[in-house]
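User: I'd like to learn how to read a protein model feature by feature. Could you take me through this one?

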Amino acid sequence: MRKQVVLAKPFSLEDEKYSEHTSNLIQRILSLFKNVRPGSDLTNFQLPPQLNLPRSQLQCYGEMVYSFNGQDLLGECGRRDQPIDRLKSIVTWNISTLRPLIFGLAPYNPIVGETHHVSNGDLNVLMEQISHHPPVSALHATHEKENIDVTFCQYFTPKFRGAYVDVEVKGKRVVKLLNQKETYEMNQPRLVMTFLPATGAHWAGKIVIKCLETGLEAELQLLSDSFLSRFTGSNKRSIKGKIFESSSGKRLYEIFGHWDRTVTAKNLKTGELEIIYHASEHIAELRTPVVKNLQEVSESESAMVWSEVSEGIMNKEWEKAREGKRDVEEKQRESRRQREASGQSWIPKHFSVVRAGKDWDCVPLQPRVPQAPIVVPL
């Protein structure tokens, strides 16, 4: 009997109330770390279902790209006439991938070979978990109308630092505007979960976006929440940065604002101010994807792999969720044992993989991502 597909609504700015946790939940989270030494690698740390989001990490990565409300921000990058305007649009799109973080709740660790395939209008997105130890995720997205190609290869290292967990997200994101023959490379921010003096979860660090063909570059700094700012609200989710010429360092624009509200670009030549991002228009009231054709949904699809777990969490049937999670993990271990016994290594289905020491890179095997059987309703 074919499993059902269980899809949960993406978290958006409208779900802030969901992050209000009771003292009992916070104590439970802290108790999980009481025997963990500072500096420990938490890559394989397992959480009980009560602390899981009803979705895989693959789905969370995919939602950053395909889940939006309002205008098509990625497609807009290819519709701009001037290089500086295309870079501003890339900056806007990059900011839109910053989504609210829910303290104390984490997605499932994807199993190797797990996939996630969703379409939203002209945008088709395909993800695959290409490694489990360490956990490495690959993404390929193509925008049919504007001829845009996006690839991610990302892997993270969470470290326990005593008062907080610091998650360094490694790997690069590449956006190719094929009609303009421009390639934009960018890194990824860090994720910080703080326990003391107050609980919270936020993005932090510097994002650098470069285009070699145009010689333009952007730097964005995501400011960490300080103890004082948690009470004043002055720096919470704030962002500042600049757009400049790579060769001369000449500044063209200043960027400032809050990624969960509005972000403004100031033209340093004319003094003109332009709001380039409205979070309320793009990451609020996000729609839940729907299954358009069940027969075409892959058995490796995230929403199918974790269906029993997600259903248990959404219905607060914790024993069902625990059993479902054990089943998924045991099947993964059994699959690994069989590969090891036969001397086989895992080969991804949709990507070729290049490793250089601890660094990973991936190349899609197909030039275009096909339409998905799971779609975001228009």
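Analyst: Happy to. The chain has nine helices and 20 strands; helices (H or I, at least four residues) and strands (E, at least two) are DSSP runs, numbered from the N terminus. This is a predicted model, where local features need pLDDT of at least 70, side-chain atom pairs count only at pLDDT 80 or more, and totals for chains, interfaces and linings use all residues. Residues are numbered from 1 along each chain as its sequence is written, and side-chain values use heavy atoms, with hydrogens and water left out.

User: What is the average pLDDT of the chain, and where does pLDDT stay under 50?

Analyst: pLDDT is the predictor's confidence in each residue, from 0 to 100. Where pLDDT is low, the predicted coordinates should not be read in detail. Here the chain averages 88, and 88% of the residues score at least 70. Residues 18–23 stay under 50, and the model gives them eight contacts beyond four places in sequence (contact means heavy atoms within 4.5 Å). Residues 227–234 are also below 50, with eight contacts in the model beyond near neighbours in sequence.

User: How many of the residues in the chain are buried?

Analyst: Buried means under 20% relative accessible area, exposed over 50%, and partly exposed in between (1.4 Å probe, protein chains only). Of the 378 residues in this chain, 52% are buried. The accessible surface comes to about 18,000 Å², and carbon and sulfur atoms hold 50% of that; such areas come from the Shrake-Rupley method with a 1.4 Å probe, and for residues only the protein chains shown count as cover. Among contacts with a separation of 6 or more, 60% are between residues 24 or more positions apart.

User: What should helix α4 span, and is α4 enclosed or open?

Analyst: The expected span of a helix is 1.5 Å times one less than its number of residues. For the 14 residues of α4 (residues 83–96) that gives 20 Å, and the end C-alpha atoms are 20 Å apart, which agrees. Eleven of the 14 residues are buried, so α4 is largely enclosed by the rest of the structure. Among these buried residues are R86, K88, W93 and N94.

User: Which elements do the buried residues of α8 pack against?

Analyst: They pack against β1 (52–56), β2 (106–108), α7 (302–305) and α9. The buried residues of α8 (residues 307–314) are S307, V309, S310, G312 and I313. Just after α8, K316 takes a positive phi of about 55 degrees.

User: Where do R333 and E330 lie?

Analyst: An α-helix has 3.6 residues a turn, so residues three or four places apart point the same way. R333 and E330 both lie in α9 (residues 318–342), three residues apart, about one turn of the helix. Their side chains form a salt bridge at 3.4 Å, N to O. R333 is partly exposed at 33% relative accessibility, and E330 is partly exposed at 33%.

Technical notes:
Salt bridge = Lys/Arg side-chain N within 4 Å of Asp/Glu carboxyl O.
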